[in-house]
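Visitor: I am new to this structure and would like to learn how to read its features one at a time. Could you take me through it slowly?

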Amino acid sequence: MRRVVMSFLIVLSLLVAPAASGAMGEGTGAVYGTVVDAVTERPVEGVCVWVYGPGMTETEHSGFTNWGGVYEISGMAPGQYTLEFDDCEREAYDTMQDVVQVTAGNAVKADEYLALADGVGSIVGFAHDAESHEGVQWMCVDLFMAADDILVNGTLTGEDGGYQLYGPAGDYRVRFKSCEGNNYNTQWYDGAEGWEGSTVVTIVANDFVDGVDADLIGEAIPDTSVIWGYVVDGATAEGVAGYCVSVYHGDDKIKTALTGPEGGYEIQVDAVEMTVKAWACEGAEDLGTVWYLDALELGDADYFVPEGGEHQLDTIVVGDVRFSDTIDSIFHKDIVWLAEEGVTSGCNADQTLFCPGEHVTRAQMAAFLHRALGELLEASGEADFSDDDLSIFEKDIEWLASVGVTAGCGNGEFCPNDYVTRAQMAAFLHRALADLLVASGDASFSDDNQSIFEKDIEWLASTGVTAGCDDGLFCPNDYVTRAHMAAFLHRALGDA
């Protein structure tokens with residue numbers, strides 16, 4: 001299930017083991033360790049680990065802790081480094097630093113204890129099976145405001161059933177809920193069935209409250225439903241914080257929730273016919289009122305009856321929509337970024353469509369790269385092809401060749417109308433960005449061994465621009481879509 005995180009960013013990764021010397025690469029070393037809370041000594045997930053070389057202000061390597069608080073960074077040249085442990089976007093812990101000496105062929109262990117940031121406290125507890133009394137892993141533990149049922153923060157229980165939640169000093173209520181296939185009934189602390197009857201827990205700044213536990217019982221058929229989703233600004237693709245989401249049964253407003261920093265909301269409702277309205281309540285920037293789904297009036301709204309349990313709603317889009325055909329795309333943010341950077345104005349004359357699923361031609365790719373990198377790369381010579389004279393992208397093609405990114409497709413031709421494959425895209429980006437992006441680790445795929453672009457593909461993955469198309473695969477011969485292209489460029493060039 002996709003998590004709805006209202007205040008702090010929860011980051012999960014696969015468990016990593018200490019680096020083996022054979023995996024480091026010849027002449028390199030590694031650093032690894034575990035990051036824990038300085039008081040509770042529970043592992044802290046989602047901590048960014050930044051690595052700086054001597055006298056450097058830009059990171060050479062980076063990583064982050066998984067659910068067990070473990071991190072590993074390999075492929076490091078021998079030398080002295082400063083490790084900075086930063087709580088990323090949660091800001092629940094103070095940033096800490098450590099200095100390590102890396103030697104070739106060795107993995108240096110550097111554990112870290114983090115202290116809570118000023119004004120922040122935590123809640124610590126366990127989720128147990130009521131019959132066996134064993135800890136239950138992968139239960140969702142959510143933190144709500146005590147005065148209103150607004151979701152503030154969430155996490156997952158660890159192997160021992162333990163958890164730790166963070167928040168500013170104040171009064172809260174805690175919910176335990178199955179979210180990873182666990183067959184347990186939802187309950188609130190201390191044993192309450194709902195928010196209203198739950199026990200209030202007070203978080204104290206720079207301290208922790210323990211014993212906020214749950215004895216879980218087998219799941220029953222719910223008599224209520226939970227609807228959840230996101231409100232997004234169509235112009236920026238960012239979640240809209242502080243917007244009101246109201247549930248209506250006929251003309252009657254049933255309940256209202258406030259969106260969190262990521263635009264997420266969650267509302268518990270009875271299973272009746274309803275619709276939803278997103279609107280600018282007090283204090284929020286008015287981006288317009290939208291009824292579910294994309295309607296401007298109640299009479300045009302879509303009604304639905306949520307199924308028992310959870311019901312995810314489609315994203316509600318407010319404000320001006322940059323491209324009407326990208327709202328449901330997982331690459332929506334990348335496409336909006338591409339437009340804001342001036343790399344694209346869409347695929348139609350009105351500039352209202354992006355055509356995210358269309359394949360990219362070599363000529364179009366030349367134009368995208370020229371607009372994106374024109375101020376970063378210098379031409380070192382002139383280039384001319386015999387088959388691009390009638391192309392509207394002729395100048396882009398010749399620029400791409402002049403900076404050494406392409407030599408054409410053979411016989412003095414560029415093949416401007418051929419589609420670009422994922423392997424070719426890797427080669428384009430490698431040649432264009434080799435001096436701008438730093439590889440932070442090794443990467444390999446099982447389906448690129450026969451590709452002439454294997455080294456380009458592995459370089460692209462090592463920089464974090466791609467993780468492939470599937471488990472261990474890159475799909476080198478698949479064509480690049482316009483949406484994929486936006487994602488590649490956004491990850492490569494960032495928001496700077």
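Visitor: Which residues in α3 are buried?

Guide: This is a predicted model, in which local features need pLDDT of at least 70 and side-chain atom pairs count only at pLDDT 80 or more, while totals for chains, interfaces and linings use all residues. Residues are numbered from 1 along each chain as its sequence is written, and side-chain values use heavy atoms, with hydrogens and water left out. Buried means under 20% relative accessible area, exposed over 50%, and partly exposed in between (1.4 Å probe, protein chains only). Helices (H or I, at least four residues) and strands (E, at least two) are DSSP runs, numbered from the N terminus. In α3, the buried residues are D396, I397, W399, L400, A401 and S402, and they pack against α2 and α4, where contact means heavy atoms within 4.5 Å. Just after α3, G404 takes a positive phi of about 85°.

Visitor: Which residues touch the most other members of the largest nonpolar core?

Guide: A nonpolar core is a set of buried Ala, Val, Leu, Ile, Met, Phe, Trp, Tyr and Cys residues joined through side-chain atoms within 4.5 Å. The largest one has 53 residues, and L338, L369 and M485 touch the most other members. Helices α1 (332-340), α2 (362-373), α3 (394-402), α4 (422-433), α5 (454-462) and α6 (482-493) each supply at least two residues of this core. A second, separate core of 23 residues includes V31, V51, Y81 and V108.

Visitor: In what order do the four strands of the open sheet lie?

Guide: Strands of a sheet pair through backbone hydrogen bonds, either parallel or antiparallel. Two strands are counted as paired if DSSP finds at least two bridges between them. Here the order is β3-β2-β5-β6, with antiparallel pairing. Because β3 (61-64) and β6 (96-102) stand at the edges with a single partner strand each, one side of each is left without a neighbour in the sheet. Strand β5 (residues 79-86) is joined to β6 by seven bridges, and L83 stands opposite D98 in β6.

Visitor: What kind of aromatic pair do Y163 and F176 form?

Guide: Rings of Phe, Tyr and Trp (its six-membered ring) pair if their centres lie within 6.5 Å; planes under 30 degrees apart count as stacked, over 60 as edge-to-face and the rest as tilted. By this rule the count comes to 11 aromatic pairs. Y163 and F176 are edge-to-face, at 5.8 Å centre to centre with 80° between the planes. Y163 lies in strand β12 (residues 162-168) and F176 in strand β13 (residues 170-178), so the pair ties together parts that are 13 residues apart in sequence.
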